[in-house]
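Thanks, everyone. I will go through one model today, starting with some strand pairing and ending with the domains.

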Amino acid sequence: MTAYIKDKILLQASNIRLAYDNNIILRDINFCIRDIKRPGMQQGQVISLIGRSGIGKTQLFKILSGLQQPTAGEVIIHDNKTVKPGDMGVIFQNYYLFEWRTVFQSLLLAAKKNTQLKGKEEAMINHYANEFQLTDELKKYPQQLSGGQRQRASIIQQLLKGSDFLLLDEPFSGLDVCVLDKVTELLLQVSVSDELKTLIIVSHDISTSVAISDTVLILGNEQGKEGATIKKEIDLVDRDLAWQKNIKKEKAFLETVEEIKACL
Amino acid sequence: MIVLQLFITIIVWHSTSNGLIPKPGNVAAAFGKLLGTKILLDNLLVSLVLTLKAMCYSIIITLFFAYTSVIPFFKSIAQFIVKCRYLTLTGLIFIFTLLTKDGSELKLSLLIFGIVPFFTTSFLAVILNIDKQEYELCKTLGYNNWQTLYEVIIVGKADQVFEILRQNFAISWLMITMVEGLSMSEGGIGSLLIKYNKYNDLTNVIALQLLIFLIGLCFDFLLGTTRHWLFPHSNLKQATS
């Protein structure tokens, strides 16, 4: 088994509840994300939030990002800070970018929000653009980019902003097989770029998201209770299913996927 | 295709026109003659200056109320301005005469009063249709409310302001002839049109209408081209991956 320790808490979601009038969407959401440390390397965290369509994943996504206030409960990051908009990098499902800005301009706006990059914004944009193969697209407008290019531009934008947390809403939807492999590779690359980098992937693509995660949170309904909650938390590191290439072929992986499906 | 349609129209016009309705040839001759006269140039200049002045003031007023409409106090004012589309200018001439110093000011204020509700209606529609994700992206990037307003509404919708300007220029150009008819002291194409109408000079009326129509088309093209030049993204089609 790979050596690791789970250190301090990076994010804590406590008693989150979301209801509209008397309609309960989410209830009793409790989980925490800890800093995973592996000897001799930088290892970020990748958490998959899996659930059926319409179960409330996007609502939870918005609560985690601070874009939506829960009816009750709170999300705490960096020990004691309640999450607010701007604390987390958010990559929307359709990789939204400002349509009136070129890619470079959009990235520059994000970089200028990061005080640590002061004076070296352009250098960092060029560095990321090169790393994510987007150099030739810097002068283009979002309308001129393909879906994959838009996604990479969105990721760079949020990386430049400098948040430790990256929330991704359905990053694998609508991608063909070749692009899917590139995207998963890209996310793994981001996850090891910093020790505290934490990716929370909201998806209903079980196999792909589990393959790159260290933890799986299953959002679902419990019998007789209204509103979705975290039904199960699976520690993939503990099962020796994390950080491995070609994990999708492993029997234990396939069993875990079946276990998740059964839980939904 | 357009040339063919134009040709058919002229033929139909020529064959159906009788003694009262001038033939296309006569209108063309009057049009040519009109173009060379100083009276047209002077009147056209008066109208154009007045229209452009009214447009400038209207844009400033519209943008102020449209941008501030996100603040509850100004929202109701903007909504009231929108409703003012249903007020007729003719019924307000006396009030405006009392409120203004001279004919020039009267025409300008009437024109502004006529244009602003249409501008505001179009621009508020743009603001209401803003994708929620534009605001959310700003929030995730850590923008405060003012930065969001600047990025999403002022910068982000600048091209649409230009488009509204282009579309509403037609309204201004339509109103100019009406407003100039109310106060004819300084001339203008509106007063020239009324003069020709008064003497039942239909050939010159149609020739002048043709000129007004062509100038309108020129401005439409000019504003459209300027918009695409200033805001290249407004002309882009979604790239296929």
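Strand 4 and strand 5 (residues 81-82) of chain A pair in the antiparallel sense, over two bridges. Pairing here requires that DSSP finds at least two bridges between two strands; helices (H or I, at least four residues) and strands (E, at least two) are DSSP runs, numbered from the N terminus. This is a predicted model, in which local features need pLDDT of at least 70, side-chain atom pairs count only at pLDDT 80 or more, and totals for chains, interfaces and linings use all residues. Residues are numbered from 1 along each chain as its sequence is written, and chains are lettered from A and ligands numbered from 1 in the order in which they are written.

Back to the hairpin. A:Ile76 stands opposite A:Thr82 in strand 5 of chain A. Three residues lie between the two strands of the hairpin, and A:His78 takes a positive phi near 45 degrees.

Strand 4 (residues 72-77) of chain A is also joined to strand 1 (residues 5-20) of chain A, antiparallel, by five bridges. There, A:Val75 of strand 4 is the bridge partner of A:Ala13.

Now the domains, whose bounds come from an automatic or database domain assignment. Chain A is divided into domain 1 (5-88 + 163-263) and domain 2 (102-162). Their centres, taken over C-alpha atoms, are separated by 25 Å. Eight residues of domain 1 and nine residues of domain 2 make the contact, with contact meaning C-beta atoms, placed from the backbone, within 7 Å. On the domain 1 side, helix 5 of chain A gives the largest share, five residues.

Key:
Two residues are in contact if their C-beta atoms, placed from the backbone, lie within 7 Å.
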